[in-house]
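Visitor: I would like to learn how to read helix packing and ligand surroundings in a model. Please take me through one.

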Amino acid sequence: MRVLSGIQPTGRFHWGNYFGAIRQYISLQNNDQAFYFIADLHALTTIRDADLLREYTREAAIDMLALGLDPSHATLFRQSDIPEVTELTWLLMTITNMSTLEKCHAYKDKKAKGLTADAGLFTYPVLMAADILLYDSNIVPVGADQVQHIEVTRDLAQRFNSIYSEVLVLPEASVLDQSAKVPGTDGEKMSKSYGNVIEIFEAPKKLRKKIMSIKTDSTPVEDPKDPDTCSVFTLYKLFASPEEQQALADRYRAGGMGYGEAKQQLYDAAMEYFSEARARREKLADNPATIDDILQQGAQVAREKGREVLDRVRSACGL
Ligand code: ADP
Ligand code: TRP
């Protein structure tokens with residue numbers, strides 16, 4: 001059973017990425033054949049600075065490993081290290097209806113805002129389909145916003161199989177639990193595009209400053225407060241045990257505690273939660289050769305599988 005997913009290196013990972021995606025990828029790594037990749041080709045649709053893309057891609061690999069992705073269980077690789085994926089993209093593109101892509105949200109949203117989209121953004125879902133189909137993937141864990149792309153992938157696989165022969169495996173989406181959307185410093189959904197993120201590996205001083213800047217209401221210190229409507233408490237819940245959550249909730253309700261104190265508790269809890277990952281990250285960052293090795297070995301494993309599937313596809317369509 002192949003589990004596969006990708007994540008775009010469009011910035012440093014934040015708490016939303018961790019609790020909404022990365023943590024769940026890592027929990028699935030013991031599955032027979034987990035493949036995770038850093039979608040740097042997709043990131044080209046938003047990042048047009050070569051040094052920055054290289055940096056984010058590398059940092060993404062280090063972050064995933066520091067957070068617990070274990071290369072002896074899962075294969076980690078860079079999307080762009082597998083040229084077979086772009087060839088499969090072309091082959092799939094020749095059977096993709098324009099109308100299918102016109103309905104896909106990344107393109108549709110941009111167009112609705114009156115912005116001009118390039119062909120890369122328009123065909124983004126086909127590259128994503130190739131990412132999945134190239135490795136005979138069975139299960140694709142993704143956020144709800146990506147389910148549409150998995151449906152396109154299934155459609156393309158079915159279409160290819162019916163036009164040519166049964167060579168592509170139909171994947172299933174496994175929707176990640178993002179029921180509790182992680183709020184950002186302004187209380188809205190945490191997202192790079194809103195500039196409200198708290199990065200997982202932010203330097204302690206900056207982390208504290210960011211946490212102190214989380215928006216709260218103006219209830220005076222002495223008054224009781226409602227934990228359930230407070231972003232600081234929502235974030236604290238991600239890191240704390242049920243008992244710790246209860247203790248802080250009681251202090252909110254009792255009054256006499258300022259938000260500054262709750263924020264300090266959030267800071268302490270977050271530092272504690274990621275302390276092992278931080279230590280691992282420091283070691284990894286000091287060993288660039290290890291990261292290169294892991295990515296190269298990952299690419300080798302992925303390429304071998306990709307080559308086998310691409311050969312099947314090429315032969316099915318007469319190349
Ligand atoms: P961003 O919105 O910062 O650009 P991405 O779209 O690259 O983040 O997200 C990568 C993964 O992290 C996706 O699976 C996405 O659903 C998840 N994710 C991002 N932000 C949050 C959040 N605030 N809460 C839960 N999951 C999130
Ligand atoms: N489009 C996905 C996202 O933005 C990332 C991605 C690219 C992906 N290729 C994939 C996810 C293949 C799963 C499978 O989150």
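Guide: Helix H1 and helix H13 cross in a left-handed sense. A crossing is left-handed if the near helix is turned anticlockwise from the far one by less than a right angle, and right-handed if clockwise. Helices (H or I, at least four residues) are DSSP runs, numbered from the N terminus. This is a predicted model, in which local features need pLDDT of at least 70 and side-chain atom pairs count only at pLDDT 80 or more, while totals for chains, interfaces and linings use all residues. Residues are numbered from 1 along each chain as its sequence is written, chains are lettered from A and ligands numbered from 1 in the order in which they are written, and side-chain values use heavy atoms, with hydrogens and water left out.

Visitor: At what angle do H1 and H13 pack?

Guide: Axes are lines fitted to C-alpha atoms, for helices over the stretch in contact, and angles run from 0 to 180 degrees between N-to-C directions. H1 (residues 15–27) and H13 (residues 259–273) pack at about 40°, with their axes 14 Å apart. Angles under 35 degrees count as roughly parallel, over 145 as roughly antiparallel, 65 to 115 as roughly perpendicular and the rest as oblique. H1 and H13 are therefore oblique to each other.

Visitor: Which residues make the contact between H1 and H13?

Guide: Contact means heavy atoms within 4.5 Å. H1 contributes Trp-15, Tyr-18, Phe-19 and Arg-23, and H13 contributes Leu-266, Ala-270 and Tyr-273. By class, the contact of H1 with H13 has six nonpolar, no polar and one charged residue. Here Ala, Val, Leu, Ile, Met, Phe, Trp, Tyr, Cys and Pro count as nonpolar, Asp, Glu, Lys and Arg as charged, and the others, Gly among them, as polar.

Visitor: How do H3 and H14 pack?

Guide: H3 (residues 50–66) and H14 (residues 275–285) pack at an angle of about 135°, and their axes are 8 Å apart. That makes H3 oblique to H14. Their crossing is right-handed. Glu-59, Ile-62, Asp-63, Leu-65 and Ala-66 of H3 meet Ala-277, Arg-280, Arg-281, Leu-284 and Ala-285 of H14. The contact of H3 with H14 divides into six nonpolar, no polar and four charged residues.

Visitor: And at what angle do H4 and H15 cross?

Guide: The axes of H4 (residues 84–93) and H15 (residues 288–316) cross at roughly 25° and come within 10 Å. That makes H4 roughly parallel to H15. The crossing of H4 and H15 is left-handed. Glu-84, Glu-87, Leu-88 and Leu-91 of H4 make the contact with Arg-303, Gly-306, Arg-307, Leu-310, Val-313 and Arg-314 of H15. The residues of the contact of H4 with H15 are four nonpolar, one polar and five charged.

Visitor: Now the ligands. Which residues surround ligand 1?

Guide: A residue is near a molecule if one of its heavy atoms lies within 4 Å of it. The residues around ligand 1 include His-14, Asn-17, Gln-178, Lys-181 and Met-190.

Visitor: Which polar side-chain atom lies 2.7 Å from an oxygen atom of ligand 1?

Guide: A polar contact is a pair of N or O atoms within 3.5 Å. The polar side-chain atom at 2.7 Å from an oxygen atom of ligand 1 belongs to His-14. A side-chain N or O atom of Asn-17 is 3.1 Å from an oxygen atom of ligand 1. For Met-190, a backbone N or O atom lies 2.9 Å from a nitrogen atom of ligand 1.

Visitor: How many residues surround ligand 2?

Guide: There are 14, and the closest are Gln-8, His-42, Tyr-124, Asp-131 and Gln-146. A polar side-chain atom of Tyr-124 is 2.8 Å from a nitrogen atom of ligand 2. For Asp-131, a side-chain N or O atom is 2.7 Å from a nitrogen atom of ligand 2.

Note on methods. Helix = DSSP H or I, 4+ residues; strand = E, 2+ residues; numbered from the N terminus. Polar contact = N/O pair within 3.5 Å; in protein donor to acceptor, adjacent residues only side chain to side chain.
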